[in-house]
Amino acid sequence: MKFNKWKCIILCICLIFCVTFAINARRRTTSTSTPTPVPAQTATPAATSTSTPTSTMAAQTNNPTSTPTAPNTATPTAGSGITVDLTEGGTSSAQYDDSPSAERYPNVFDNSSATKYLTFHASGWVQYQFSGNSAYAVNRYTVTSANDAEERDPLSWTLSGSNDGSGFTTVDTRSGQDFANRFQTNTYSISNTTAFRYYRITMNNNSGTILQVAEVQLFGETGSTAAPTTANTATSTAVSTSTSSPTTAATSTPSPTTANTSTPAPSPTSVSSTAIYLYESGDQVVYGSPGSNDYSSHWQVLVVGDGYYRIQNRNSGEYMHVENLQAWVQCGTIYDIWYSARWAVEDYGSYVLLRNAWQPSNYIHIRDRLGYAQQGTVDTGQNEARWVLQSVDGTYVRIMSYQSGPTATPSSTSPPTNTPTPTNTMVPGSRGATMPYTRYEADAGSYGGGAVLRSAPTFDYALTASEASDQKYVALPSNGSYVEWTVSTNGAGVTMRFTMPDSGDGMGLNGFLDCLVNGTKVSTISLTSYYSWQYFTGGGQPVDVPTAGVAGFRFDEVHWKLPNALRSGDRLRIQKSNGDGIEYGVDFVEIEPVPAAISQPSNSLSVTSYGATPDDTSDDLAAFNACVTAAVSQGRSVYIPAGTFNLGNMWVIGSPTARISNITITGAGIWHTNLQFTSPNQSMGGISFRVSGVLDFGNVYLNSMLRTRYSQMAVYKAFMDDFGTNSRIHDFWEDHFECGFWVADYASSPAFVATGLVISNGRVRNNLADGINFCQGTSNSTVTNCSIRNNGDDGLAMWPNNELAAPMETNNTFEFCTIEHTWRASGVGIFGGSGHRIRNLYIKDNFMSAGLRLDTTFPGYHFDTNSGITFSDITIVNCGTSKDFFYGELGAVDLKAPASSVRNITFSNIDIYNTQRDAVEFGEGAGFSNIQFTNCLIDGTGKDDFTASKFTQPHLGMAIMSYTGNGSVTFTNLIMQNIEGASPYYLITPGFVLTFN
């Protein structure tokens, strides 16, 4: 056959296109801190080209659940002389790890231009280390620009190599580099013949204080100069990622396809000889009793990142996944970006739970004895959902059922037994929550037809934009005005943050906007300002009717399901076409997949069997109460199917004199089950739990008609009162209550306190007061992986109120949460207690409020017996205020000691950006002792135009300010830059001791 060079080239190009096309069709999860949408992945130019922009891929496949054939991943043999991408299987590090949680340095070497690294510095280095002791001679490399502001692109850089990680040799130097297009890949051929274990690229941006890059790839021959070491056989559940100070190199975990493994292996409990194991059969994960040497029952647990793992079969090399949403767990070839193939390993000591990342309510279980491993919602208190990881040889494990065998009598699906709080599987050092949506900022989209960009660059509170994301939104004032995005992710669920004017009586206006996909109208979105707009006149307490005071709470949210899921490359448009006189504003949209509805669990009772009827106007509260009563008496759980159920009063579950021991209540999912509280009146909405044992509640959306705090007497929280012991509230979404959670008991003396409570995977949105408040003795409890947005007062709070003889709070944890748009107080407020941990948070765009605050204003226990409270790995952006609702100022980190001293507080790895006035502030006269700040960055202060102060000190935009002479604080490894005030960038009242190390 005659060889045709051109046909071969065309065939190769087509193959590359198809593989890239298939990869980009898969689902992706991003955290809420992603500032701009990411277009579809682009093709890499040929190796010989330079400075050539990549081409955007076409629209993606319309078959989101089909599993494509895996790409050919065969690797040429060592020393073959074939040039390949070498950035597979190693570890990355960076000079700075101050990035938003979805834009950290491992993205530089993840072989995807759809992700990026962003650091709030004009220059910095990223580094790649090959696995084991391998060393390669890089003879070609690429640099790819990221998705937004061109001035952030690398302009010049030096590529250097090292074999010990300390002494580096220059390999290549470039200057004046041009990335005229977004996602443009430039290729650079070099004559290097020296093999190095480490490669570092030190970059400088075009201008400004932000550097970003999407991708760096290193190419060379596959033969290394040193043989790789054997596979890592660590058996710890801890992921080796760490966050360092801005001046210290940070390291990351290798990509999930490498030999580096992290195998959680709790010690197995004793089981009978009929113990059963998971093994692969065909494309399914099944269970049975294979021999201990049967490789189909051997699994390798591989670190992915973001707290997730991949589970690979030893016999076939294939992975567990749920990509096609079958009833069983699948086993097959996967793509790296599939979240359907990622698993959280929730470690309870003697057993683990295996939860899917893409379907976060679904666990691996064998509840119904169907011969295969099921995936879905299940009572995690049942042994059928519990697994023991038995080490085989240090690398592989066998996954054994916690129960005695396949013929065992099914355990009751009654409420779970008391279990310890699970070990968190989020990546150490990461910041913020991991949510299933991708955000698209309005100002980053295209807009026209009369649309206007509104902004408040100096945080002018008279401007609505001062409450918007990054203080910018797009206004739609007239017919035909629109904002539009070309999306890069698939999904039918859309959430929109919007604003519209209030009415003269404070009851709000009603209106609507159109939603179009690819130019065709698909939905009409009903909007109202009924819930929003509060007014402050200096006393701190809001009123609902427009006044001459400062307005706040001017944005709200609405979410809807599209008739057909968006695909990567589709155009989503929000447009005004109704002809009314209202100017609407769009802040951002978030797009996510809508999981299938959760079916009714076995051994459960449905509220519909007791008279509840979804999607009508009847009151379903009596039916809900009857179902709970029956479930408790029969030892069964409660199921709320898909649909909207109206509840005309507070749903009280148990009573102070007859608390329920244990109960499980589940809905069909946050996109399917809607509990609508229909009364706007005091004490007539929300859920009051009166539980003494274990409560398991989740998979619902809650909304209400409340629109006022009733002068702090609304008594209308989404969740409140007695939460029992070791309870779990999870996979929930709530809007428009007084508070999201108020964990306290005001019906007993001494107060009945919550302990071991875990609140996880939730959305706490648009409430008039606190998002979540641990109050009255709440201890050993955790909030993890939650989005806390647009709440009045504090987003997260701990208030050890001693009313009704409540004990002091101890050992609570707030972690891995994204807190945004808090108005009136702070992102996180801690008012006393001991042993608390506040960590891995991302706090942004607070309005007239601090990022973090400690205060002894409120009655109850303060910090007098505190043995140590820690704040760590927290990013704070656009927080603090020159003029709060009391006409005072708050630092981005604000410590006040009016009633008693604040003591024994440690802050580490805290990054503070763009503070409106002062970054860290100390005030009031009771004093501060043993306050430690270590590895902190303060970048940007005095961003507003307001310099007056009600205190005696001037208000000049300092990194550190005190208006008290009583106390001391120590800063170790503090970086200060872009400070408005004059050097030395701090202003301290005489008597206050400030120490720098």
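Which residues have the most contacts inside the largest nonpolar core? This is a predicted model, in which local features need pLDDT of at least 70, side-chain atom pairs count only at pLDDT 80 or more, and totals for chains, interfaces and linings use all residues. Residues are numbered from 1 along each chain as its sequence is written, and side-chain values use heavy atoms, with hydrogens and water left out.

**The core.** Select Trp 651, Phe 719, Phe 871 and Phe 907, which have the most contacts inside this core of 101 residues. A nonpolar core is a set of buried (under 20% relative accessible area, 1.4 Å probe, protein chains only) Ala, Val, Leu, Ile, Met, Phe, Trp, Tyr and Cys residues joined through side-chain atoms within 4.5 Å. Helix H2, residues 621-634, gives the most to the core, with 7 residues. Helices (H or I, at least four residues) and strands (E, at least two) are DSSP runs. Next, centre on Trp 651: its contacts (heavy atoms within 4.5 Å) beyond four places in sequence include Leu 621, Phe 624, Val 628 and Phe 697.

**His 365.** Move to strand S22, residues 363-365, where His 365 is placed. His 365 counts as buried because its relative accessibility is 2%. A polar atom of its side chain lies 3.1 Å from the backbone nitrogen of Arg 367.

**The sheet.** Finally, select the open sheet of 5 strands, ordered S27-S30-S37-S32-S33 with antiparallel pairing; strands pair if DSSP finds at least two bridges between them. Strands S27 (446-448) and S33 (520-528) stand at the edges, each with a single partner strand, so one side of each has no neighbour in the sheet. Between S27 and S30 (residues 482-486) there are 3 bridges, and Gly 448 stands opposite Tyr 482 in S30.

Definitions and conventions. Buried means under 20% relative accessible area, exposed over 50%, partly exposed in between (1.4 Å probe, protein chains only). A polar contact is a pair of N or O atoms within 3.5 Å; within protein, one must be able to donate a hydrogen and the other to accept it, and residues adjacent in sequence count only if both atoms are side-chain atoms.
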